[in-house]
Amino acid sequence: MLNIILMGPPGAGKGTIAKKIVDAFELPHISTGDMFREAISQGTPLGLQAKAIIEAGNLVPDELTIELVKERLLKDDCASGYLLDGFPRTIPQAEALKALGPSIGRPVNLVVDITVPDEELLSRIAGRRVCPKCGASFHVVNMKPRLDGICDRCGSTLIQRKDDNADSFKVRLENYYKSTQPLVDFYKAEGLYHHFDGMVGHIALFEEVSKLLKESK
Ligand code: ADP
Ligand code: ZN
């Protein structure tokens, strides 16, 4: 069973590798960032609460985020594995998941952490363009779409995320070091932690991660 957490700083390439993993291993992709963006674009009550917080680069309150993930993990499609992308991001979220997972027979059994040096993160974020429809990510220099400004997967017009600017990025990175990095020790203590270097390029990275997932299946 693959019940995976994917973690790493903003811009490390979580979304890109997540898409490859879920396609190859046939897992539901649970991206809290995508779920919040979807709620914002649909104007749901959750979206209205989260919009300003996310655009400024801050973390959505734990209670809201935990509730969202809880509902999602209970769905049938998570019975034979899942990939959590962007959750947990705080110790209280990790504690909540540690209580929930086993109680529903779906405990996390693998944590994949991808790291990239800070200097590289900002240039990845600044050049990132995303598909508002299918969530695919591109980069204006490093990972160009086949046609400028058009999603390779679904043909939609690419956009720049509102939180992909220098000010919000700074806040996101500070929050990452303050709130999310402590999860490394948390998951090392659980014996679930695996580290990968996000600088090797997305093809090599996917090969390395795939190897671990095949061994753990
Ligand atoms: P990135 O990893 O590039 O920062 P995500 O798409 O994962 O982007 O998340 C975008 C934003 O959504 C975050 O900056 C935060 O505001 C909110 N968010 C996503 N996941 C969580 C979470 N687990 N807890 C709190 N806020 C979250
Ligand atoms: Zn698309």
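A residue is called buried here when its relative accessible area is under 20%, exposed when it is over 50%, and partly exposed in between, with a 1.4 Å probe and protein chains only. By that rule Val69, at 2% relative accessibility, is buried. This is a predicted model, in which local features need pLDDT of at least 70 and side-chain atom pairs count only at pLDDT 80 or more, while totals for chains, interfaces and linings use all residues. Residues are numbered from 1 along each chain as its sequence is written, chains are lettered from A and ligands numbered from 1 in the order in which they are written, and side-chain values use heavy atoms, with hydrogens and water left out.

Val69 belongs to helix H4 (residues 62-73); helices (H or I, at least four residues) and strands (E, at least two) are DSSP runs, numbered from the N terminus.

A backbone N or O atom of Val60 lies 3.1 Å from a nitrogen atom of ligand 1, and one of Gly86 lies 2.9 Å from a nitrogen atom of the ligand. Arg161 places a polar side-chain atom 3.1 Å from an oxygen atom of ligand 1. Taken alone the ligand exposes 550 Å², of which the protein buries 97% (Shrake-Rupley areas with a 1.4 Å probe; for residues, only the protein chains shown count as cover).

The zinc ion (ligand 2) is coordinated at 2.3 Å by the SG atoms of Cys131, Cys134, Cys151 and Cys154. Cys131 is buried at 3% relative accessibility, whereas Cys134, at 24%, is partly exposed.

Two backbone features remain. Most residues other than glycine have a negative phi, and most peptide bonds are trans. The peptide bond from Phe87 to Pro88 is cis, with omega near -5 degrees. Glu26 has a positive phi, near 50 degrees, and is exposed at 71% relative accessibility.

Notes: Donors are N, O and S atoms within 2.8 Å of the metal (3.2 Å for Na, K and Ca); water is not among the atoms, so sites may look incomplete. A polar contact is a pair of N or O atoms within 3.5 Å; within protein, one must be able to donate a hydrogen and the other to accept it, and residues adjacent in sequence count only if both atoms are side-chain atoms.
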